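Hello,

Here is the structure I promised to hand over. Please look at it first, then read my notes below.

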Amino acid sequence: MRKRLIVANWKMYIETPERAKRFITALKRKLARISGVEVWVAPPFTILPTLPKGSYKVGAQHVSAHTDGAHTGEVSASMLKSAGASFCIVGHSERRAMGEGDALVHEELLSALKAGLVAVLCVGEEERRDDGWHFAHIEAQLRTALVGVHPFAHKIIIAYEPLWAIGKDATQAMQPQMLEEMVIFIKKTLSQLIGREAGLKVPILYGGSVEGSNCAPLLHTGVSGLLVGHASADIDSFSDILTACKK
Ligand code: PGA
């Protein structure tokens, strides 16, 4: 039985190592009592190396496309690894909104994979249109990002996060039926881009206003887990999600 993967994207919600440590202490207690769930935590860069070890993985929210040199403010994949990261989120919509285009997201993805990190590649449409534009948009994001990644296919996770459903409450998250349809579409697209065998093995996560009250139906749509934003920064709401997701 495969565990469900729940990735906590802390964004800038948890700001100090002290608060992060308190969260992790409570998280460890929770994880000791539930089964069938795997938790990965993506804190801000400054907190990443301070997190205590445990039965969860630590990763970054962003990775530079560059490996070294004169790139002020950037953090490379190998620097993340040496700080304790085993995965990183790539192409989150909040980074894309700051100007990261598909081509740069592709470079970031490759630099993460080449350094041995697992990459959680985010894709998502800004809006839904009657003519099915959102499908073409997701396909284009995947097509550009996944050029040349065949050797690393087993290190890729896709996080589908429709932008219109991010940062709201559970009532405004995507409806499970719509998600099911998109998961089938992403699987089909991955099969075309990286081959059927590899494509069908790539885990797909859903993200966007996931809370304890809506995660169970969202998990019955063919996804392997969830990428959680605001509800991952508060241990009570995150615990509710883990309880609802356990097998
Ligand atoms: P949210 O964020 O859960 O607060 O909607 C999800 C994300 O942006 O990854």
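Contact here means heavy atoms within 4.5 Å. Helices (H or I, at least four residues) are DSSP runs, numbered from the N terminus. The model is predicted: local features need pLDDT of at least 70, side-chain atom pairs count only at pLDDT 80 or more, and totals for chains, interfaces and linings use all residues. Residues are numbered from 1 along each chain as its sequence is written, and side-chain values use heavy atoms, leaving out hydrogens and water.

**H1 and H9**

Phe23, Ala26, Leu27, Lys30 and Leu31 of H1 touch Ile235, Phe238, Ser239, Leu242 and Thr243 of H9. By class, that contact has seven nonpolar, two polar and one charged residues. (Ala, Val, Leu, Ile, Met, Phe, Trp, Tyr, Cys and Pro count as nonpolar; Asp, Glu, Lys and Arg as charged; the others, Gly among them, as polar.) H1 spans residues 17-33 and H9 residues 235-245; their axes come within 11 Å and cross at roughly 20 degrees. Axes are lines fitted to C-alpha atoms, for helices over the stretch in contact, and angles run from 0 to 180 degrees between N-to-C directions. H1 and H9 are therefore roughly parallel. Angles under 35 degrees count as roughly parallel, over 145 as roughly antiparallel, 65 to 115 as roughly perpendicular and the rest as oblique. The crossing of H1 and H9 is right-handed, that is, the near helix is turned clockwise from the far one by less than a right angle.

**H5 and its partners**

H4 (residues 102-114) packs on H5 (residues 133-145) at about 45 degrees, with the axes 8 Å apart. That makes H4 oblique to H5. The crossing of H4 and H5 is right-handed. From H4, Asp102, Ala103, His106 and Leu109 meet Ala140, Gln141, Thr144 and Ala145 of H5. The contact of H4 with H5 divides into four nonpolar, three polar and one charged residues.

H5 also meets H6 (residues 176-194): their axes come within 10 Å and cross at roughly 40 degrees. This crossing of H5 and H6 is right-handed. The contact of H5 with H6 has eight nonpolar, two polar and three charged residues.

**The ligand**

Which residues surround the ligand? They are Asn9, Lys11, His92, Glu161, Ile166, Gly167, Gly208, Ser209, Leu227, Val228, Gly229 and His230, each with a heavy atom within 4 Å. A polar side-chain atom of Glu161 lies 2.7 Å from a ligand oxygen. Polar backbone atoms also lie by ligand oxygens: one of Gly167 at 2.6 Å, and one of Ser209 at 2.7 Å. Polar contacts are pairs of N or O atoms within 3.5 Å.

Best regards

Technical notes:
Helices (H or I, at least four residues) and strands (E, at least two) are DSSP runs, numbered from the N terminus. A polar contact is a pair of N or O atoms within 3.5 Å; within protein, one must be able to donate a hydrogen and the other to accept it, and residues adjacent in sequence count only if both atoms are side-chain atoms.
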